[in-house]
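Here's a quick briefing to read alongside the structure.

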Amino acid sequence: MRLRILDSGHGFGTKALFALIRMASRQPVLDVIKLVKYRPDFYGYPMSAVAQEAMRGPSTWSIGDRELMAAFVAKTNQCEFCTKAHAAVAQRAYSDGKSISALLSDLDTTSIKEPLRATLLMLGKLTREHAVDADDMRSVLAAGASRQQIEDALAVCFSFNVIGRLADAFGFFVPDSEAFEAGAKYLLTRGYR
Amino acid sequence: MSDIRQARKALVKRILEGAGNASSSERRAAFNNSGLAEPLGALVDKVARHAYRVTDEDIIAAKEPGLSEDQIFEMVVCAAVGQATRQYDTALAALETAAGNATRKE
């Protein structure tokens with residue numbers, strides 16, 4: 001972590017919480033947790049409310065679909081931490097043996113449904129080029145995604161275009177897969193709050 | 001997901017208008033990726049356009065004029081939320097145009 005305050009500038013109560021997390025999970029505390037717990041009134045609380053709504057609020061996209069979108073946005077941004085973290089959550093959420101890493105590498109040759117595929121392609125363009133136009137949206141609508149589904153997907157995209165930038169700018173440590181598995185279990189049981 | 005608009009609005013209001021170590025005008029400049037002096041301007045621009053290219057040296061350089069870590073924390077958060085907001089708003093406007101046209105065609 002490039003800012004010392006984010007690594008070790010937390011108050012006593014938060015440090016005690018980190019010790020509990022380390023004991024219970026037998027894993028290091030992920031840097032994303034350290035970020036949201038640092039001066040949480042500035043970023044952690046309001047951003048967690050956004051992420052909770054986008055990732056776990058009412059939507060006709062499943063939790064697995066939304067976690068896949070998060071991983072796809074992260075991969076487009078070349079954010080290793082968020083790609084691994086949310087691929088692990090999506091893998092666990094789908095629980096149908098679908099390979100998330102294969103999906104992230106090639107959307108064209110996999111079996112995901114057309115509305116989701118078209119939505120992911122649009123999110124990829126938005127993330128890569130910072131803009132999309134009405135024709136891009138018409139393609140997604142024509143593929144069968146509803147207007148509300150597109151809005152819901154844009155909320156996921158917003159969240160991970162924030163979080164991924166912070167992960168890379170602050171230099172999040174990328175731990176091994178066991179730490180991400182523990183994180184995935186937590187996000188599926190507790191959400192983003 | 002109508003609550004998302006409210007949650008996003010609260011986030012932007014907090015980081016730009018709430019208490020902070022950097023001034024509101026500096027935070028707004030980081031959010032807009034516009035009008036910041038170097039070297040902070042270069043860091044903010046990298047966060048907005050390609051955050052994966054940020055290096056240790058970028059952060060060290062941003063601290064050199066005397067900025068605290070808390071100020072850099074706030075400015076980087078504002079830069080990230082600002083860029084994501086511009087993307088989101090552009091996409092929603094495109095959707096509005098596309099869905100509006102689709103409705104008229106029907």
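Contact here means heavy atoms within 4.5 Å. On that basis, 47 residues from chain A and 48 residues from chain B take part in the contact. Bear in mind that this is a predicted model.

**How much gets buried**
- Putting chain A and chain B together buries about 4,200 Å², and carbon and sulfur atoms give 68% of that area.
- On the chain A side, the residues that lose the most area to chain B are Arg2(A), Phe42(A) and Phe158(A), together 18% of what that side buries.

**Polar and charged pairs across the interface**
- The rule turns up 6 salt bridges across the interface of chain A and chain B.
- Arg39(A) forms a salt bridge with Glu74(B), and their closest N and O atoms sit 2.6 Å apart.
- As for polar contacts, the count between chain A and chain B is 16 residue pairs, with both residues at pLDDT 80 or more.

**What chain A brings to the interface**
- Several helices of chain A each supply at least two residues of the side that touches chain B: α1 (4–8), α4 (44–56), α8 (114–129), α9 (134–142) and α10 (147–170).
- The helix that gives the most to this side is α10(A), with 15 residues.
- By residue class, the side of chain A that touches chain B divides into 27 nonpolar, 7 polar and 13 charged.

**A helix pair within chain B**
- Helix α1 (residues 3–17) and helix α2 (residues 24–32) of chain B have axes that come within 8 Å and cross at roughly 130 degrees.
- An angle from 65 to 115 degrees would count as roughly perpendicular and one over 145 as roughly antiparallel, so α1(B) and α2(B) are oblique to each other.
- From α1(B), the contact uses Val12(B), Arg14(B), Ile15(B), Leu16(B) and Glu17(B), while α2(B) puts in Ser24(B), Arg27(B), Arg28(B) and Phe31(B).
- The residues of this contact of α1(B) with α2(B) split into 4 nonpolar, 1 polar and 4 charged.

- Most residues other than glycine have a negative phi, and most peptide bonds are trans.
- Going from Glu38(B) to Pro39(B), the peptide bond is cis, with omega near 0 degrees.
- To find Pro39(B), look in the loop between α2 and α3 (40–50) of chain B.
- Over in chain A, Gln78(A) isn't a glycine, yet Gln78(A) has a positive phi of about 60 degrees.
- Gln78(A) sits in the loop between α5 (63–76) and α6 (80–94) of chain A.

Key: Residues are numbered from 1 along each chain as its sequence is written. Chains are lettered from A and ligands numbered from 1 in the order in which they are written. This is a predicted model: local features need pLDDT of at least 70, side-chain atom pairs count only at pLDDT 80 or more; totals for chains, interfaces and linings use all residues. Side-chain values use heavy atoms; hydrogens and water are left out. Buried area is the accessible area (1.4 Å probe) that two parts lose on being put together, summed over both. A salt bridge is a side-chain nitrogen of Lys or Arg within 4 Å of a carboxyl oxygen of Asp or Glu. A polar contact is a pair of N or O atoms within 3.5 Å; within protein, one must be able to donate a hydrogen and the other to accept it, and residues adjacent in sequence count only if both atoms are side-chain atoms. Helices (H or I, at least four residues) and strands (E, at least two) are DSSP runs, numbered from the N terminus. Ala, Val, Leu, Ile, Met, Phe, Trp, Tyr, Cys and Pro count as nonpolar, Asp, Glu, Lys and Arg as charged, and the others, Gly among them, as polar. Axes are lines fitted to C-alpha atoms, for helices over the stretch in contact, and angles run from 0 to 180 degrees between N-to-C directions. Angles under 35 degrees count as roughly parallel, over 145 as roughly antiparallel, 65 to 115 as roughly perpendicular and the rest as oblique.
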